[in-house]
Amino acid sequence: MSRTLAQKVWDAHVVRRAEGEPDLLYIDLHLLHEVTSPQAFDGLRLAGRAVRRPDLTIATEDHNTPTDNLLTIADPVSRTQIETLRKNCAEFGVKLHPLGDPQQGVVHVMGPQQGLTQPGMTIVCGDSHTSTHGAFGSLAFGIGTSEVEHVLATQTLPQALPKQMAVTVTGELPPGVSAKDLILALITQEGTGGGRGYVVEYRGPAIEKLSMEGRMTVSNMSIEWGAKAGLIAPDETTFAWLKGRTFAPQGQAWDDAVAYWKTLPTDSGAVFDKEVFLDASALTPFVTWGTNPGQGASLDSVVPDPESFGTESERAAARRAVEYMDLTPGTALRDVNVDVVFVGSCTNGRLEDLRTAADVLRGRKVADGVRMLVVPGSAAVREQAEEEGLHEVFTAAGAEWRFAGCSMCLGMNPDTLQPGQRSASTSNRNFEGRQGKGGRTHLVSPAVAAATAVTGHLSAPADLDAVGAR
Amino acid sequence: MEKFTVHTGTAVPLRRSNVDTDQIIPAVYLKRVTRTGFEDGLFSAWREDPSFVLNNPAYAGASILVAGPEFGTGSSREHAVWALNDYGFRVVVSPRYGDIFRGNSLKQGLLTVELPQAAVETLWDLVEADPATSIEVDLVAREVRAGGHTWAFALDDFSRWRLLEGLDDIGLTLRHADAITEFESHRPAFGVLVG
């Protein structure tokens, strides 16, 4: 029978199937961080349970960590959470990349860069952006703390098979339009609940042409339109990216793995429950104006009139969003001034993202009054960027070159917006107060972020020719 | 987990859609390592506004939250469920939920009922007209009853059974420990081993 990529991965991991019950799925890789794990470890202790497979479990520190130094966590509550993770990992025998470790970083950057993320795997983490790993053709999804405890204790999860959706992206991305613009446009097209109940597969020529970094950006934001997971079929791009990484198979095992991975792509007669299409060639740089990731528009357009939306629910949400964002309908998005630019996160904190931002900033300056933070997704990304001299481009432009972590993506560490401040951010969520209480977030691509830093208002790199290099 | 069969209580009308988990509990409250005591974080930013519905004394003691579509989208933080539970909610009603939030809620005995938008709007009207309106949420019959209306809701049999019995997932899974061990004996050799 013809099957989809997701079905093949699913079927290969069913430990037990019984009528009227969810399947019991085996989990190949369990990623941990400090925020969603302490209560899970406590649960194990209370029940006298061990971690069943510490060898399939790995932890890092990212959400609470500072990005201005590697030694001091000033907030005692944050420090306690980090120390709790360290104690738990030591007690239960789980490998940890702590602050200062060469492999430390945002959990969804740390896993792939070491080759831990491979096609055909099942991967979970107590973090909704676990969907990132789907870019390799793995079935990866975020879970809550009760499920973290469940996986620690049993290395399995009871799961009902979701419906399957194909997202076919036709055509070719125009120059200056990136994977981030593509996924932001898709979320606006489908709405924040459009993927609810589905595992989606991104496919089509525009997806196939993306680098692994671009694919990870797309899969990362699957959760922002409600999808359980977002997979992309493994291909030569995937294999080339993986080969030689620390945990990638070697020798005969590599050949065996590639032979298996090549069997994973969706069979030609496989049926999806739903299909969605997007024309990449019609896309432009895309930004959000509202307070959920589905409230976005082309950078070329204006802040929409809340009354223009089709349902009362959408109109009410748009009214509230425009008010929170302190925007006037009809304002050109290019006329929106920002205070802070953030380049980083599990969405856009990889080497390619930093290269893109540096290419825009080279020979230019961050506008007066604008603060720009460049935060590598991991210590390894930071090291690679420095080998390429990217840090010198950023600092020469007047941006801050920081240490790895989740940073300003969410308000759990010292990198936050002040009340009323407005950011252009390469992260994934523009929720009210996400980057700090009272902060206002516009989600953008790395290229738009860098151009915006130069002009001080939402901009694309193409706009800079008019401004000129200073 | 506490058993859930039938719950009768009053409700808070939250006329908002896309109530993401960052609104339910902002990240700053996630630094704690305990599992209880999150009630102070519930909607903490919105509660600073005196006109926010949770600050209306007429809704004090309510145990059912009635919200717009896309409730609990965003971050996987189970703290959102703990905060709702700790505050005293036993039931949320919304036309649609974020998947991870829904899963978390059903594991923690917080019943997340899906009703159509029209039913949610009727409930809003009822409890705004009379905050003391009694609402009955019956998991046995899979029905919500209020103000002379009865709405059926769907919940898969397995989740319902677990809630009715108050069963812990890990205990259920560990009954199949042999099947897990058997599965592990034939995993592919090229699989990743971290340790």
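**Entry 1: two helices in chain A**

I noted that α2(A) and α5(A) are oblique to each other. The model is a predicted one, and I kept that in mind for every entry. I looked up the angle behind the word: the axes of α2 (residues 38-47) and α5 (residues 145-154) of chain A cross at roughly 50° and come within 8 Å. Angles under 35 degrees would count as roughly parallel and 65 to 115 as roughly perpendicular, so the word oblique applies. I recorded the crossing of α2(A) past α5(A) as right-handed. Then I listed the residues in contact. From α2(A) they are A:Gln39, A:Ala40, A:Phe41, A:Gly43 and A:Leu44. From α5(A) they are A:Thr145, A:Val148, A:Glu149, A:Leu152 and A:Ala153.

**Entry 2: a sheet in chain B**

I moved to chain B and found an open sheet of four parallel strands, in the order β2-β3-β4-β5. Its edge strands are β2 (11-14) and β5 (111-114), each of which pairs on one side only. Neighbouring strands are turned by 20° against each other on average, direction ignored. I checked one pair: β4 (residues 91-94) and β5 of chain B are joined in the parallel sense over four bridges. In this pair I saw B:Val91 opposite B:Leu111 of β5(B).

**Entry 3: B:Thr133**

Is B:Thr133 buried or exposed? I found that B:Thr133 is buried, because its relative accessible area is 11% and buried means under 20%. B:Thr133 sits in the loop between α5 (117-129) and β6 (135-138) of chain B. Leaving out residues up to four places away in sequence, B:Thr133 touches B:Gly9, B:Thr10, B:Leu126 and B:Val127. A polar atom of the B:Thr133 side chain lies 3.3 Å from the backbone oxygen of B:Leu126.

How values were computed: Residues are numbered from 1 along each chain as its sequence is written. Chains are lettered from A and ligands numbered from 1 in the order in which they are written. This is a predicted model: local features need pLDDT of at least 70, side-chain atom pairs count only at pLDDT 80 or more; totals for chains, interfaces and linings use all residues. Side-chain values use heavy atoms; hydrogens and water are left out. Two strands pair if DSSP finds at least two bridges between them. Axes are lines fitted to C-alpha atoms, for helices over the stretch in contact, and angles run from 0 to 180 degrees between N-to-C directions. Buried means under 20% relative accessible area, exposed over 50%, partly exposed in between (1.4 Å probe, protein chains only). A polar contact is a pair of N or O atoms within 3.5 Å; within protein, one must be able to donate a hydrogen and the other to accept it, and residues adjacent in sequence count only if both atoms are side-chain atoms. Contact means heavy atoms within 4.5 Å. Angles under 35 degrees count as roughly parallel, over 145 as roughly antiparallel, 65 to 115 as roughly perpendicular and the rest as oblique. A crossing is left-handed if the near helix is turned anticlockwise from the far one by less than a right angle, and right-handed if clockwise.
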